[in-house]
Amino acid sequence: MYCTRKVQEDLIWVGADDRRLVCFEGVFACPRGMSYNSYLLLDEKTVLFDTADKAVYQQFFENVDSALSGRALDYLVVHHMEPDHAATLEGLVLRHPEVTIVCNAKIKTMLSQFFPGNWDERVQLVKEGDTLSTGRHELHFVMAPMVHWPEVMMSYDSTDGILFSADAFGTFGALNGRLFADETDFFAEHLDEARRYYANIVGKYGPQVQAVLKKAAALEIKTVCPLHGFVWRKDFGRFVEKYQLWSSYQPEEKSVLLAYASVYGHTENAANILAARLAEKGVTVRMYDTSVTPADQIVAEAFRCGTLVFAATTYNNGVFVKMEDLLHDLVAHNLQNRRIALIENGSWAPVSGKLMRELLGGLKNCEILEQCLTLKSALQPEQLEQLDALAAAIAG
Ligand SMILES: Cc1cc2nc3c(=O)[nH]c(=O)nc-3n(C[C@H](O)[C@H](O)[C@H](O)COP(=O)(O)O)c2cc1C
Ligand SMILES: [Fe+2]
Ligand SMILES: [Fe+2]
């Protein structure tokens with residue numbers, strides 16, 4: 001049975017939720033599921049905006065059929081060829097052989113890479129600034145390279161002020177019957193998952209997101225329809241403020257991320273004492289054990305906090321593996337503009353501090369505090385003063 005919702009009278013959400021997804025893109029846990037959004041415009045012409053992941057193909061096709069209620073499908077606008085949106089594209093075309101695919105040249109190239117064959121007859125190519133009239137609505141195409149892949153574009157419906165924003169402004173999590181962000185307490189319930197989604201999916205491409213935000217600022221936007229998560233019709237400005245911070249690598253808070261890697265608990269003990277000293281100074285500390293919390297969650301917290309503290313044991317002359325993975329991930333996501341402090345541990349030749357400093361040296365515009373607290377197996381009583389000094393430097 002179909003399960004659809006109206007964005008407005010002539011625009012139907014025909015996407016679907018997946019709550020059995022083990023991990024999105026093979027790495028990101030999705031304990032609250034994932035939504036794959038697709039939208040059908042019922043104008044003089046019918047237009048489907050993107051397809052859906054193969055995991056939900058049955059529900060998706062039922063939804064499209066019901067929303068079309070017997071009408072032919074005139075256009076499929078493809079914004080992004082990543083299979084979480086395009087895996088069912090070929091199936092859709094088999095069901096609707098009449099459809100014309102509207103996309104840019106890069107999308108067309110990927111189309112024939114993912115689905116070998118000749119697509120020339122079916123494709124209508126568009127580029128930046130091109131328009132398509134579908135009757136009452138007029139669609140404008142906006143290129144958005146690297147928000148998330150190089151071929152990505154967005155569509156803006158100037159008639160009703162609707163932005164189809166592809167992966168931008170999405171979030172992890174199933175919709176669970178709700179469609180609009182204002183049907184939830186978004187900033188209390190979903191912001192953490194939206195941040196985790198942003199940081200890990202597009203965090204690396206801040207300048208490209210900034211370029212799109214600039215283009216969007218020139219448009220009168222009333223509704224935003226992303227490919228994952230909720231549709232925005234209220235309070236979108238509040239979400240854009242977060243995107244401005246994230247994409248310019250500015251922290252949201254003065255808080256401290258304290259991530260530690262400890263095999264037997266001694267490094268953890270020093271981290272706990274540091275956290276207590278910071279809390280006494282009124283500093284908010286967000287603390288994680290890298291052996292327990294997946295790197296993508298800690299990366300998201302690093303996008304949130306102004307100061308980052310990493311504490312790690314030396315491990316076979318290297319940095320404990322979970323911390324090493326996390327730091328590689330952070331560098332890969334291009335994080336910038338942070339203060340960083342380090343704690344190392346080693347029972348015979350501690351080198352994790354030096355190695356963490358080298359790994360983090362790749363981050364732009366970050367200040368790594370000179371003082372690195374060195375533990376030899378465990379924090380010694382005479383080192384408490386050093387720890388206090390480190391807390392003071394971090395809080396300062
Ligand atoms: C498998 C393993 C390898 C280690 N390799 C080193 C090393 O190469 N150099 C060193 O100084 N300490 C090494 N250590 C000691 C740790 O760095 C650390 O001092 C010890 O695990 C105590 O801290 P913790 O309780 O936080 O784990 C190693 C420990 C383990 C378990
Ligand atoms: Fe994507
Ligand atoms: Fe996606």
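Tutor: Helices (H or I, at least four residues) and strands (E, at least two) are DSSP runs, numbered from the N terminus. The model is predicted, so local features need pLDDT of at least 70 and side-chain atom pairs count only at pLDDT 80 or more, while totals for chains, interfaces and linings use all residues. Residues are numbered from 1 along each chain as its sequence is written, and chains are lettered from A and ligands numbered from 1 in the order in which they are written.

Let us begin with ligand 1, where a residue counts as near if its C-beta atom, placed from the backbone, lies within 6 Å. Ligand 1 is surrounded by 18 residues, and the closest of them are Val263, Tyr264, His266, Thr267 and Gly346. At least two residues of this shell come from each of α9 (266-280) and β19 (307-315), and β19 gives the most, with three. The shell divides into 12 polar residues, six nonpolar and no charged ones, where Ala, Val, Leu, Ile, Met, Phe, Trp, Tyr, Cys and Pro count as nonpolar, Asp, Glu, Lys and Arg as charged, and the others, Gly among them, as polar.

Turning to the rest of the chain, there are 13 helices and 22 strands, and the C-alpha atoms fill a box of roughly 80 × 40 × 35 Å along the principal axes. Of the 396 residues, 46% are buried; a residue is buried if 20 or more other C-beta atoms lie within 10 Å of its own, exposed if 12 or fewer, and partly exposed in between, with C-beta atoms placed from the backbone.

Helix α6 (residues 191-202) shows this burial well: nine of its 12 residues are buried, so α6 is largely enclosed by the rest of the structure. Among these buried residues are Ala194, Tyr198 and Val202. The buried residues of α6 pack against β5 (28-29), α7 (206-217), α8 (236-247) and α10 (295-304), a contact being two C-beta atoms, placed from the backbone, within 7 Å.

Finally, seven strands form an open sheet of mixed pairing, in the order β1-β2-β7-β8-β9-β10-β11, and two strands pair if DSSP finds at least two bridges between them. The edge strands, each pairing on one side only, are β1 (5-8) and β11 (123-125). Within this sheet, β2 (residues 11-13) and β7 (residues 39-42) pair in the antiparallel sense over three bridges, and isoleucine 12 has leucine 40 in β7 as its bridge partner.
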